[in-house]
Amino acid sequence: MLTKRIIPCLDVKDGKVVKGINFVGLKEVGSPVEMAKKYYEQGADELVFLDITATSDGRKTMVQVVEDVAANIFIPFTVGGGIRSTDDMRKLLRAGADKCSLNSAAVRNPDLISEAAEQFGDQCVVLAVDGKMREDKSGWNVVINGGRIDTGIDALEWIKDGVMKGAGEILLTSMDADGTKAGYDLPFLKAVREEVRVPVIASGGCGSLKDFYEVFRENAADAALAASLFHYDELSVGDVKKYLHEKGIPVRV
């Protein structure tokens, strides 16, 4: 059985790691390089770095910060935010990223997914989807620009389309759960798992050891991403893995 992955996420703004609720009320919590080193030493399986205001500010991801982080860790490293072209991806992959996460730019130009998969391989292409439950509860819509714009696009249809175009992994963030610490959005995750056969990373809402256990027990995701729990030292990656191992969930200890 494949081991389940634990992935800390660095949401970066102006070169600093930040955290908020539903992407607002952002507070600085530290340096990307120092935090990346800490999580690597704790046994993180991968690391995700998201330049969360690059798209809304109309600028590109900070290549220098990516280089600095990559030089200090030796685990798969995904970078996203502000990527608009395969040239942007090439620069980030050269700077040390292993995968690139496409979000708003892919919604605006879906061919970017297939172009990226063709040039770099689908293992390098992570389709990041921020989804929000529709008001009539009939399903989820894709939201972009850090949750600011509801595209009206059905999230499940978009994810299926993205995988057909060559996305090798889905990073699914529930905007309803993000920052609430009320647990991962299991119905959303399970709905996605029923539609695609690529790995799914759960993001948004983790608040306790039990939440990690539940998302894996329910087979709702292949990996679990968390930010504030780790940033504020409420839990370490090692704590999570020890707990999951004791509960019979396969993890790399």
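Buried means under 20% relative accessible area, exposed means over 50%, and partly exposed lies in between (1.4 Å probe, protein chains only). The model is predicted, so that local features need pLDDT of at least 70 and side-chain atom pairs count only at pLDDT 80 or more, while totals for chains, interfaces and linings use all residues. Residues are numbered from 1 along each chain as its sequence is written, and side-chain values use heavy atoms, with hydrogens and water left out.

**Exercise 1.** Determine whether Arg5 is buried or exposed, and find which residue forms a salt bridge with Arg5.

*Solution.* Arg5 has a relative accessible area of 14% and is therefore buried. A salt bridge requires a side-chain nitrogen of Lys or Arg within 4 Å of a carboxyl oxygen of Asp or Glu. The partner of Arg5 is Glu46, with 2.7 Å between the closest N and O atoms. Because Glu46 lies in the loop between α1 (32–42) and β4 (47–51) and Arg5 in strand β1 (residues 5–13), the pair ties together parts that are 41 residues apart in sequence. Helices (H or I, at least four residues) and strands (E, at least two) are DSSP runs, numbered from the N terminus. Glu46 is likewise buried, at 5% relative accessible area.

**Exercise 2.** Locate Lys160 and Glu195 in the chain, and state how accessible Lys160 and Glu195 are.

*Solution.* The closest N and O atoms of this salt bridge are 3.4 Å apart. Lys160 belongs to helix α7 (residues 155–165) and Glu195 to helix α8 (residues 186–195), 35 residues apart, and the pair links distant parts of the chain. Lys160 is partly exposed at 28%, as is Glu195 at 34%.
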